[in-house]
Amino acid sequence: MMIVALFNYLLSFLIAHWNTESFAKDDFIYGQFPSYFRWGIGTSSYQIEGAWNLDGKGENVWDNFTHTSPSPIKDSSTGDIACDSYHKYEEDAKLVKSIGVDFYRFSISWSRILPLGTKEKVNQAGIDYYNNLINSLLHHEVSPVISIHHWDLPQPLQDIGGWVNEDLIEHFGDFARILYQNFGDRVKQWFTFNEAWVICVMGYGDGIFAPGIKEISETPYKCIHTILKAHARAYRIYDEEFKSQQKGQVGITIDSGWLEPSDPNNPEDIEASERALQFKFGMFASPIVFGKYPDIVRKRVDERSKQEGRSTSRLPSFDKYWTDYIKGSYDIIGLNHYSSYLVTPASSDPGPGWYGDQDTATSQDPSWPETGSTWLRPVPWGFRKVLNWIKNTYNNPPLIVTENGYSDLPNVVLNDYGRIEYYKGYINNLLKAVIVDGCNVRGYSAWSLMDNFEWASGYTERFGLHNRERIPKESVKFLKNVFRSNGFRRPNLPWDRQSKEQCDIAA
Ligand code: GAL
């Protein structure tokens with residue numbers, strides 16, 4: 001047994017490296033991920049659960065936002081029913097199992113557990129719901145991976161200011177503690193926040209997401225500042241009170257596309273690309289890895305604040321206590337990645353605030369294929385580039401790709417060949433990043449289990465491997481084979497016969 005395993009390992013190593021000696025950035029390679037690599041699929045509470053006011057659940061900011069009139073949602077829809085996962089969690093667990101993944105990444109609706117947002121009132125029906133979901137997953141031998149907060153803040157906490165009120169640090173810590181206490185015996189991987197950039201810039205700056213605040217000048221910075229502290233609080237609570245017994249990991253999910261210099265030979269574009277990456281990924285990664293905001297962000301916001309005649313910078317600072325508390329507050333980092341952008345310096349200054357401080361303009365190459373989302377064009381090689389940038393900038397931290405996915409063109413129903421092409425290209429570039437470049441990626445989770453409520457786009461954009469009726473699309477077969485093969489196995493070798501179908505689609 002041992003000798004066969006060793007032989008197979010050496011062979012796949014040789015094949016991988018023989019394939020990868022010299023390939024162009026769009027070349028397809030065969031090879032497998034390391035044996036520790038884990039595959040998953042994801043969703044989030046507001047996007048799928050429905051049951052917005054059932055069994056003691058309180059109102060959250062997305063309930064409130066989608067119920068405003070006129071509706072800020074493209075098709076005026078809501079998540080009131082969504083995929084009805086509150087009632088269909090057993091079906092969901094079976095569906096997850098049918099794709100052959102190791103884990104399911106889902107989030108907890110804070111208002112379902114704490115209807116008022118605070119620990120004084122715990123809703124037992126909410127605890128029961130997630131216990132049932134977790135137990136169904138385990139019954140199917142799928143590990144639960146939990147995002148503690150995926151944007152659906154309890155409305156009563158918004159009413160006291162939301163993420164600019166530092167009282168939320170302790171409230172978030174209390175919420176996290178309740179989750180560790182109730183589910184930590186079975187849940188070993190936690191992510192505190194999903195894409196805090198989106199909460200703070202799109203929710204508190206542009207106002208196109210809940211809670212709909214349009215204050216781009218200062219508020220996104222304040223929001224980020226509070227969220228980083230709240231993240232660290234939840235990390236430390238686990239570390240001090242639960243880790244020795246529960247032996248799990250806590251991290252944070254950060255989103256970033258790849259930001260390619262428009263002209264790779266133009267130093268201004270190269271600088272703009274680095275600036276854009278630091279304003280996106282670095283705003284969160286730099287504090288948790290190095291204990292401070294990225295130097296370039298610090299310098300620019302401080303300078304511009306001074307020019308505006310302010311006595312203090314619009315970007316707050318961490319004192320010694322918080323610097324030490326935040327620095328190192330991760331066991332793993334989650335990366336959500338979908339697409340790439342071309343970057344140059346902005347042609348004009350929109351004035352004080354997030355965009356003016358960043359001074360970048362982004363676009364996409366019209367030759368990159370279109371999808372059902374205007375912001376998303378498949379650029380598989382960009383995935384490898386962002387993974388390498390993270391590796392080189394943040395000491396190759398342990399990473400899990402917590403989201404990566406494609407939205408169907410409007411005319412596509414179940415024949416989602418565009419999605420197959422997307423996953424083939426992206427997972428292949430992930431393979432290159434791991435086995436050729438040595439990026440420390442430990443797992444990958446596709447977005448999403450099924451079509452669901454896509455935030456301000458309502459149900460007009462569809463990211464699911466299944467539709468909302470839970471019927472599988474074509475891409476399920478493809479991904480299932482990639483997961484089962486732990487990558488892309490070369491066809492036509494006797495020991496690869498069972499993966500031929502996958503390779504036929506892939507090649
Ligand atoms: C992410 C978000 C998900 C999902 C996805 C597709 O930013 O975390 O909830 O909506 O985008 O747009």
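I began with a charge over a ring. The charged end of R442 sits over the ring of Y36, 4.2 Å from the ring centre. I noted that this is a predicted model. I then looked up R468, whose charged end sits over the ring of Y459 at 3.7 Å from the centre.

Ring pairs link Y459 with Y46, W62, F65, W151, F209, F453 and W455.

Next I searched the whole structure for aromatic pairs and got 52. I looked up Y46 and F453, which pair edge-to-face, with 5.4 Å between centres and 85° between planes. What does this pair tie together? Y46 lies in helix α2 and F453 in the loop between β12 and α18, so the pair joins parts 407 residues apart in sequence. Buried or exposed, I asked of Y46? Y46 counts as buried because its relative accessibility is 4%, under the 20% cut-off. F453 is buried too, at 0%.

I also looked up Y422 and Y423, an edge-to-face pair at 5.6 Å and 85°. Y422 is buried at 1%, and Y423 is buried at 0%.

Then I turned to helix α16, residues 380–393. Its 14 residues reach 21 Å from first C-alpha to last, close to the expected 20 Å. Its buried residues include W381, F383 and W389. Just after α16, N395 takes a positive phi of about 60°.

Last, I checked confidence. The mean pLDDT is 94, and 92% of residues reach 70 or more. Over residues 11–22 the pLDDT is below 50. Residues 496–507 stay under 50 as well.

Definitions and conventions: Residues numbered from 1 in each chain as written. Predicted model: local features only at pLDDT ≥ 70, side-chain atom pairs only at ≥ 80, totals over all residues. Heavy atoms only, no water. pLDDT = per-residue confidence, 0-100. Contact = heavy atoms within 4.5 Å. Helix = DSSP H or I, 4+ residues; strand = E, 2+ residues; numbered from the N terminus. Expected span 1.5 Å × (residues − 1). Buried < 20%, exposed > 50% of the residue type's maximum accessible area, 1.4 Å probe, protein only. Phe/Tyr/Trp six-rings, centres within 6.5 Å; stacked < 30°, edge-to-face > 60°. Lys NZ or Arg CZ within 6 Å of the ring centre and 35° of its normal.
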